[in-house]
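Here's a quick briefing to read alongside the model. Have the sequence and the 3D view open as you go.

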Amino acid sequence: MSTEFSVHYPNAQERAAANFQRLIKVRGGNAVYVRGAFSSEGTADGGGRRFTLFADQAGSAPLCSVARRTARPHAGADLVVTGPDGVELGVLRLPTPGGGGRPRYEMQLPDGTSLVGRRGTVGAWILYVLLSPLLLVYNVAGLVGGYGRPDWHLPSRTAWRPKGGLGLGLAPLKFYGMTDKYKVRASRLDMRVVYAQAVLHEWDG
């Protein structure tokens, strides 16, 4: 059994009505509302990203909160996901600034499991290389025909797999860049941590 969802940026009317910054739409399930700070400042250590996930639009039913670990001032970009009761649900490690062309996202779970995702899977890059001549022709034709600016995006598909694994089999969590959908295929994952990771991933995108 899998769960599919997407992270959306609400329009001005939705933000004014409910005061939330992100909306998670779950296929066949209830929406999750995200409120908090999505500042462009302090992103090197994750300090500009603090938010809470709610089960309701009014914000009266918090699911979890995400913030930098205050007890470890030199923890870098580690963000802790905690439940409403203060129990730690997981740790999210953000990509290192200037770390290269494939940003790395890591989810560390309470049982010691670490899932690592890099933006742009091997399969997506192979497809990108094969289709790049067609993309080049398409963009040149658009420029010559006056249809607008070039539309050229690097692969964004991301698959979170166990750290140190062989990378075989279905990924527990996967982001499909063509449709902007996330798919979870592991029932043992805490969806609150997954949603928090998706919000950070979407924010960086």
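This is a predicted model: local features need pLDDT of at least 70, side-chain atom pairs count only at pLDDT 80 or more; totals for chains, interfaces and linings use all residues.

Residues are numbered from 1 along each chain as its sequence is written, and side-chain values use heavy atoms, with hydrogens and water left out.

The structure holds 8 salt bridges, a salt bridge being a side-chain nitrogen of Lys or Arg within 4 Å of a carboxyl oxygen of Asp or Glu. Helices (H or I, at least four residues) and strands (E, at least two) are DSSP runs, numbered from the N terminus.

**Salt bridges between separate parts of the chain**

- Arg 27 pairs up with Glu 4 in a salt bridge, with 3.7 Å between the closest N and O atoms. Arg 27 sits in the loop between strands E2 (22-26) and E3 (32-38) and Glu 4 in strand E1 (residues 3-8), so this pair ties together parts 23 residues apart in sequence.
- Arg 27 is exposed, at a relative accessible area of 67%. For reference, buried means under 20% relative accessible area, exposed over 50%, and partly exposed in between (1.4 Å probe, protein chains only).
- Glu 202 and Arg 22 form another salt bridge, their closest N and O atoms being 2.8 Å apart. That one links distant parts of the chain, 180 residues apart: Glu 202 is in helix H3 (residues 191-204) and Arg 22 in strand E2.
- Arg 22 is buried at 7% relative accessible area, while Glu 202 counts as partly exposed at 24%.

**A salt-bridge network**

- Glu 106 forms a salt bridge with Arg 93, and the closest N and O atoms are 3.6 Å apart. Glu 106 belongs to strand E8 (residues 104-108) and Arg 93 to strand E7 (residues 88-93), so the pair ties together parts 13 residues apart in sequence.
- Glu 106 is buried, with a relative accessible area of 6%, whereas Arg 93 is partly exposed at 25%.
- Both belong to a network of salt bridges that links Asp 78, Arg 93, Arg 104, Glu 106 and Lys 163.

**Strand E6 and its partners**

- Strand E6 (residues 78-82) is mostly covered, with 4 of its 5 residues buried.
- E6 pairs with strand E5 (residues 62-68) in the antiparallel sense over 4 bridges; two strands pair if DSSP finds at least two bridges between them.
- E6 also pairs with E7, again antiparallel, over 5 bridges.
- E6 and E7 make a hairpin with 5 residues between them, and Gly 86 in the turn has a positive phi of about 90°.
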